[in-house]
Amino acid sequence: MTPAGSAISLPSSILPLFKQLGLFEEIRRLAKPFGSVVFREENLEIIGSYSSRGPFDVKERYGEYPQIIARRDLCRVLMSQIPSHKIKYGKRVLDIRQNVGEVIVHCSDKSVFHGDLLIGVDGAYSAVRQCLYNDLDSKGLLPKQDKTPMNYQYDCLVGVTEPLDPHQNTALFDKFSDLQTVLGKASTYSFWCIPLTEFRVSWMVVKYHDKGKKYAEDTLFKLSDWGSDAAELMSYEYRGLKTPYGCDLASLIDSTPPGAMSKVMLEEKFYKTWHSGRVVLAGDAIHKVLPFGGQGANQSILDVLTLANMLVDLQNNTVEDLRVLFQEYQKLREPVGRSILQLSNHFGHVMNRKGWFNDLVRKAVLFHTPRWVHRMSYDKFTYDRPQAVFLPFTESGGSFPAKPQKRSAYTPFSLDP
Ligand SMILES: Cc1cc2nc3c(=O)[nH]c(=O)nc-3n(C[C@H](O)[C@H](O)[C@H](O)COP(=O)(O)OP(=O)(O)OC[C@H]3O[C@@H](n4cnc5c(N)ncnc54)[C@H](O)[C@@H]3O)c2cc1C
């Protein structure tokens with residue numbers, strides 16, 4: 001996961017895993033529990049809101065409130081758990097080859113790695129996916145759906161401020177993070193303010209391209225930019241926006257240190273081919289979703305957890321054994337990935353489409369969705385709260401029982417580095 005950018009919401013479905021790994025207390029120290037999201041017109045009038053404490057209490061039902069954490073802080077917590085000698089920095093994968101017995105990875109610095117299998121979790125522009133697909137395409141084995149580029153409909157400017165003065169904005173004192181979303185009236189943007197710990201605010205402006213754009217993958221890669229120049233340029237367009245904190249966006253932008261503001265393209269696509277031979281894909285490399293559902297990183301982690309849980313019981317590592325395992329992995333993860341893609345796409349439309357009809361839809365969705373629909377959709381995505389099957393389980397908590405899991409009989413390795 002790249003460290004730049006904004007905030008990450010860790011939903012209740014993933015928190016038992018963090019508890020099991022002994023990371024939850026650190027996460028809780030660095031994060032705020034999600035309180036609510038308030039939707040506003042451009043003139044800041046409230047359209048509707050959704051709270052984690054009503055009409056039903058998320059913690060009571062699923063064990064924990066989602067946690068809102070700066071992306072940078074989450075990366076730091078995760079990295080702190082991996083012995084440094086197990087991470088190789090500055091490696092850019094250029095090519096992968098495989099034969100019956102092994103997979104071979106070639107990097108730009110001419111280093112070469114050999115392995116039994118390769119898990120490609122290298123993001124939306126995955127080099128592993130591109131190598132795999134080129135190979136399949138040359139053999140006439142790549143489905144048509146996997147040859148089309150990602151759908152690109154949004155540009156996004158994100159940043160995290162330095163600590164602000166909470167006396168100027170008392171919302172920053174709140175224990176809970178109450179998200180404020182302003183929906184542009186005439187122009188096609190939405191704007192988010194997300195309070196973080198240490199009186200920081202993560203903010204995000206999303207610009208919607210009505211017709212959508214399609215670029216070839218390498219063009220998308222070149223256009224995609226987490227760098228500061230493109231961000232600076234886009235920021236001029238939105239400095240005058242009024243925020244619910246009584247200041248202009250300019251004030252938040254100016255409180256954002258250099259390097260903590262990025263411009264990102266938001267694409268979406270669901271790929272059909274998840275594996276071939278000894279190579280398997282996970283995360284954004286295989287299901288790139290819009291950030292409106294707050295689910296992308298969560299799903300990447302759950303993909304990899306699913307693989308780890310299956311690999312621990314693998315008896316043989318022949319290509320055939322791996323094919324069976326990867327097929328089972330795809331069968332388990334594909335339906336969730338598809339639902340998340342649809343959900344995030346739907347949220348994006350509700351928040352960003354313009355015109356009287358879309359205004360009506362927006363009001364209906366934000367104001368009149370019955371509480372049982374909210375709960376049903378939450379239940380659907382929170383029933384599965386998986387943990388590592390090769391470690392002692394921890395209590396998921398909540399009145400809504402989690403999907404049962406079977407412990408692996410096999411404890412594969414000592415947890416010491
Ligand atoms: C503005 C915004 C807000 C978001 N908010 C949320 C949220 O609240 N909750 C949530 O769950 N998700 C959120 N997401 C989505 C989330 O950030 C992504 O879904 C998640 O980071 C995907 O993780 P990943 O590991 O699959 O890919 P990435 O995070 O993209 O990581 C890929 C890694 O692979 C490396 N890499 C790439 N190419 C190569 C190569 N050739 N060789 C070697 N290494 C390579 C990259 O350097 C990177 O470290 C948000 C996204 C955006 C843009």
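Visitor: Which classes of residue make up the lining of the largest cavity?

Guide: In this predicted model, the lining of the largest cavity has two nonpolar residues, one polar residue and four charged residues. A cavity is a space where a probe fits but cannot get out, and here the residues around the largest cavity are E41, I47, L183, G184, K185, D359 and R362. The space inside the largest cavity comes to about 40 Å³, and the structure holds two cavities of 30 Å³ or more.

Visitor: Which residues line the second largest cavity, and where does the largest share of that lining come from?

Guide: The second largest cavity, with about 30 Å³ of space, is lined by E41, I47, D359, R362 and K363. Helix α11, residues 356-368, gives the largest share of this lining, namely three residues. By class, the lining of the second largest cavity divides into one nonpolar residue, no polar residue and four charged residues.

Visitor: How much space lies in the second largest pocket, and which helix gives the most to its lining?

Guide: A pocket, unlike a cavity, is an open set of points, and about 550 Å³ of space lies in the second largest pocket. Its lining is made up of 23 residues, and those nearest the centre of the pocket are L332, R333, D384, P386 and K403. Helices α9 (296-311), α10 (319-352) and α12 (371-382) each supply at least two residues of the lining, and α9 gives the most, with seven residues. Divided by class, the lining of the second largest pocket has 11 nonpolar, seven polar and five charged residues.

Visitor: Turning to the sheets, what is the strand order in the open sheet that contains β6, and which strands stand at its edges?

Guide: For an open sheet, one reads the order of the strands and the sense of their pairing; here the three strands have the order β5-β6-β7, and the pairing is antiparallel. Strands β5 (93-98) and β7 (112-115) stand at the edges, because each has a single partner strand, and one side of each is therefore left without a neighbour in the sheet. Neighbouring strands of this sheet are turned against each other by 20 degrees on average, direction ignored. Between β6 (residues 103-107) and β7, the antiparallel pairing extends over four bridges, and H106 has V112 in β7 as its bridge partner.

Visitor: How is the open sheet that contains β15 arranged, and which helix lies across its strands?

Guide: This open sheet of three strands has the order β8-β15-β14, with mixed pairing. Its edge strands are β8 (118-120) and β14, each of which pairs on one side only. Two bridges join β14 to β15 (residues 279-281), and these two strands run antiparallel. Helix α5, residues 127-138, lies across β8, β14 and β15, and runs at about 125 degrees to β15.

Visitor: Is H275 buried or exposed, and which residues is it in contact with?

Guide: H275, which is found in strand β14 (residues 275-276), has a relative accessible area of 16% and is buried, because buried means under 20%. Leaving aside neighbours within four places in sequence, H275 is in contact with L132, V280, R323, F326, Q327 and Q330.

Visitor: Why is strand β13 described as largely enclosed, and which strands does β13 pair with?

Guide: Nine of the 10 residues of β13 (residues 261-270) are buried, so this strand is largely enclosed by the rest of the structure. Strand β9 (residues 151-160) is joined to β13 by eight bridges, the two running antiparallel, and L157 stands opposite K263 in β13. Strand β16 (residues 287-288) also pairs with β13 in the antiparallel sense, over two bridges, where F270 stands opposite H287 in β16.

Conventions. Residues are numbered from 1 along each chain as its sequence is written. This is a predicted model: local features need pLDDT of at least 70, side-chain atom pairs count only at pLDDT 80 or more; totals for chains, interfaces and linings use all residues. Side-chain values use heavy atoms; hydrogens and water are left out. Buried means under 20% relative accessible area, exposed over 50%, partly exposed in between (1.4 Å probe, protein chains only). Contact means heavy atoms within 4.5 Å. On a 1 Å grid over the protein atoms alone, a cavity is a set of points where a 1.4 Å probe fits but cannot get out, and a pocket is an open set with protein on both sides within 12 Å along at least five of seven lines; lining residues have an atom within 4 Å of a point. Grid points are joined across faces, edges and corners, and a volume is the space filled by probe spheres set on the points. Ala, Val, Leu, Ile, Met, Phe, Trp, Tyr, Cys and Pro count as nonpolar, Asp, Glu, Lys and Arg as charged, and the others, Gly among them, as polar. Two strands pair if DSSP finds at least two bridges between them. Axes are lines fitted to C-alpha atoms, for helices over the stretch in contact, and angles run from 0 to 180 degrees between N-to-C directions.
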